[in-house]
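Dear colleague,

I am handing over a structure that you have not seen before, and my notes on it follow below. Please read them with the model open beside you.

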Amino acid sequence: MNDHDHLHEHDDHEHDDHEHDDHEHDDHEHDDHEHDDHEHRHRHGGRLAAWWHRLAHAVVPHSHDSRAKIDPALESSRDGLRALWISLVGLGVTAVAQAVIVVLSGSVALLGDTLHNVADALTAVPLGIAFLLGRRAATRAYTYGYGRAEDLAGIIIVAVIAASAVAAAWTAVTRLLHPTDVAHLPWVAAAGLVGFVGNELVAQYRIRVGRRIGSAALVADGLHARTDGYTSLAVLAAAGGAALGWRWADPVVGLVIAVAITFVLKDAAREVYRRLMDAVDPALVDQAETALRAVDGVRDVAAVRLRWIGHRLHAEAELVVDADLSLVAAHEIAADAEHQLTHAVPRLAGATVHTDPHSHPGRHHHPDLSHRRRQPFR
């Protein structure tokens, strides 16, 4: 039992540092090629190119040493923050443009849509705070770090989407019971179109970056921006209906949009709920098991567990190996298995690998083995 149980209590910490650094070097191989290109231009570009090359290295250091590379989790947080700031500016410009038309037209419907866009922009605040918290190092109290802050931000975003759906439905019903005329229809229609285009661009950007870095909260925020785009289309449709003399067009379209927001709310809530419940794509588990079974010396894979912490994955694996292996040989198999996992599973931050001898595979043997070791010698 001593030769095979808990092989990574101490040695694996050092192994994690070396092996994962190698993986990060592979992940950033493209960056190193770009660095080679910079050196090539430095040799042939004259003094100006040399000056620019030194400046670039001073601002963003390059190195072929994997230890000098930026940690992937930190880099993905930077990508997330960049997406938030860019989308915040985009939504801010959209809201300002709509606010100007609100002043010119006096449209109450457009005012509501503008306020909605402002609220959507402000959802970037909790998510930005979550990304910043996720950069903090783990402590003895928060041994896995602060990545779960993204899940809390996701809950806030889902709550904002739900509030948007309720507000849209309430406004639509109120307008249906008390119809009002809409003035300056061309300006209102233009503002609705601007709102839709701005929100849709922001939604696509947030969703794309969120899926690339594995942030469910950022994807949910992108879905929220898309709902605001639909609301802006409702303003456009309402303006068209009012132009035809249909006073009921505004509230009816508003109700349709409220239903659409509810469907988007369902998708966003399901994604955040799955993340909170440690759900992962089963295909990732299949990839992990396939990679582990291919490691020389692994006789069987007893269990594989994956979980998201922020936008990085963590893994635990139980392997079955030959019972007559030495401690060093079993450790080498576990180390190789861990390293192969980091290549096979995208966005995997680290793995804990446990090996069992084939004579005692599985955790159910552990209590008996522990009791046997603690029996007094006779």
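Tryptophan 248 is found in the loop that runs between α9 (216-243) and α10, where helices (H or I, at least four residues) and strands (E, at least two) are DSSP runs numbered from the N terminus. Its relative accessible area is 48%, so the residue counts as partly exposed, a class lying between buried (under 20%) and exposed (over 50%), with a 1.4 Å probe and protein chains only.

Please bear in mind that this is a predicted model, in which local features need pLDDT of at least 70 and side-chain atom pairs count only at pLDDT 80 or more, while totals for chains, interfaces and linings use all residues. Residues are numbered from 1 along each chain as its sequence is written, and side-chain values use heavy atoms, leaving out hydrogens and water.

**The protein as a whole**

The secondary structure comprises 13 helices and three strands, and of the 378 residues in the protein, 42% are buried. Among contacts (heavy atoms within 4.5 Å) with a separation of 6 or more, 75% join residues 24 or more positions apart.

**Annotated regions**

The unreviewed UniProt entry places the feature "transmembrane region" at several stretches, including 153-173 and 185-207; such annotations may be inferred rather than shown by experiment. In the model, residues 153-173 are 100% helix and 0% strand, with end C-alpha atoms 30 Å apart, and residues 185-207 are likewise 100% helix and 0% strand, with end C-alpha atoms 32 Å apart.
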